[in-house]
Amino acid sequence: MRQARAGGIIARMTPMHTLPSPTHGQPRRVAVIGAGPAGLMAAEVLAQHGASVDVYDAMPSAGRKFLLAGRGGMNITHSEPQPDFLPRYGNRREQLAPFVRRFDAERLRQWIHDLGIETFVGTSGRVFPREMKAAPLLRAWLHRLREAGVRFHTRHRWLGWDADGALRLANPDGEIAVQADAVVLALGGASWSRLGSDGAWVPLLQERQVEVAPLLPSNCGFELDWSEHLRERFAGEPVKPVVASVALPSGGVQNRRGEFIVTAQGIEGGLVYAMSAALRESIATEGSARLYLDLLPDWTLEKVEAELAHPRGARSMSSHLQSRLHLKGVKAALLREIVSRDDFADPARLARAIKALPLTVLRPRPIDEAISSAGGVSFEALDDALMLRALPGVFCAGEMLDWEAPTGGYLLTACFATGHAAGNGAWEWLNAADRTDKLPAPQQEQHK
């Protein structure tokens, strides 16, 4: 392969299994692959430390997914205290906790304020920029990064490493090989591939003996086998308020109040997204999942039974439901869809169905439709500074790590926090490499 120039340097990288030799009198060079929140945060940390930073991204501009996620209101983080915040990361709480504690919601808000962007806490506890948009924040951030000397290279897709350990990158003019003293990978998951998160990095790391958990849809919709009548009449209708319940594969039950939307294929919306991990895991182990809906969460079962037992005279059961329980529209349609004719005619059994309507959930919607993805680089493949054990000098951050979280600011918080940790980890590793190279040769070997 011919040598090319990238960012003003000869584009050739040190083999990944050896410590780099110090470049005397020159700042250490770091390549950040991925210009989403995690990659940009890592770049900022490294630039502040004095590293020479180049950011590469496959898309025409930085932060494409970040911008799209902010169109409906940029929910940047959440104001709830850490004892409530950290459990949102489920079975990866312990692994993420050190990073989120070091760069928590309060510190993230202060960082945004330092960009000149005001924030406020909504009634739900979610934190938003004052303008409710991602674009002003991203513009201010990119300006600050460029002022700090960070160089951006868009339309550069990472292709892995060549035989000499150089980073391979494809751009519109061909392929280049990039030299760096350390690398931060922040390549995202596999949702919204049109914005760059396509999971194409998975085999590139697996062939380097990096353990990667399969990428799966998270914060996603699910498919159900609706009747033609329900699809035609009620697709797009919101179902609210309800309390949804699903059994957890690890034991116990997850309950949550909210709303969702009936779609032609099944269900989607905030309530469904919040339960996506439990639903997905149940489908994986059982072949399907059972989601129970309390259609009247503010009514006791006894009150529902009493109202249904009230004489209805010549009125139909549908009219009776509307008159006594105010159940109509899509909620009444869901009852008709699920409850058998015999149970619908029995007030006691119908009351139990209203309070625990069982929906059989068949499969998640495709990962490319999901808001985020689960799976990714296993934490067991990383050290405490997010460096790959198999590839010294290569750090990972953001959604490409094996974790997931509900919407509400938790996703972005962990992306920022792991980017911050990876940037600091890379800088500390470079400093350790400098110190080792200054030792006598026998001691260098002990440190390698």
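Reader: Which residue in β7 does H78 stand opposite?

Author: This is a predicted model, and in it H78 stands opposite R126 in β7. The pair belongs to the contact between strand β5 (residues 77-78) and strand β7 (residues 126-129), which are joined by two bridges and run antiparallel.

Reader: Which way do β6 and β7 run, parallel or antiparallel?

Author: Strand β6 (residues 119-121) and β7 run antiparallel, with three bridges between them. V121 has V127 of β7 as its bridge partner.

Reader: How many residues lie between β6 and β7 in their hairpin?

Author: Four residues separate the two strands of the hairpin, and G125 in the turn has a positive phi of about 95 degrees.

Reader: Is strand β3 mostly covered or mostly uncovered?

Author: β3 (residues 29-33) is mostly covered, with four of its five residues buried. Five bridges link β3 to strand β4 (residues 52-56), and these two run parallel. Within that pairing, A31 has D54 of β4 as its bridge partner.

Reader: At roughly what angle do the axes of α11 and α15 cross?

Author: Begin with the angle between the helix axes, then sort it into a class. Angles over 145 degrees count as roughly antiparallel, and 65 to 115 as roughly perpendicular. The axes of α11 (residues 301-309) and α15 (residues 347-355) cross at roughly 140 degrees and come within 9 Å. The two helices are therefore oblique to each other. Their crossing is right-handed.

Reader: Which residues of α11 make the contact?

Author: On α11 they are L301, V304, E305 and L308; the α15 side includes P347, L350 and I354. By class, the contact has eight nonpolar, no polar and three charged residues.

Conventions. Residues numbered from 1 in each chain as written. Predicted model: local features only at pLDDT ≥ 70, side-chain atom pairs only at ≥ 80, totals over all residues. Heavy atoms only, no water. Axes fitted to C-alpha atoms, helices over the stretch in contact; angles between N-to-C directions. Parallel < 35°, antiparallel > 145°, perpendicular 65-115°, else oblique. Left-handed = near helix turned anticlockwise from the far one by under 90°. Contact = heavy atoms within 4.5 Å. Nonpolar A, V, L, I, M, F, W, Y, C, P; charged D, E, K, R; others polar. Buried < 20%, exposed > 50% of the residue type's maximum accessible area, 1.4 Å probe, protein only. Pairing = 2+ DSSP bridges.
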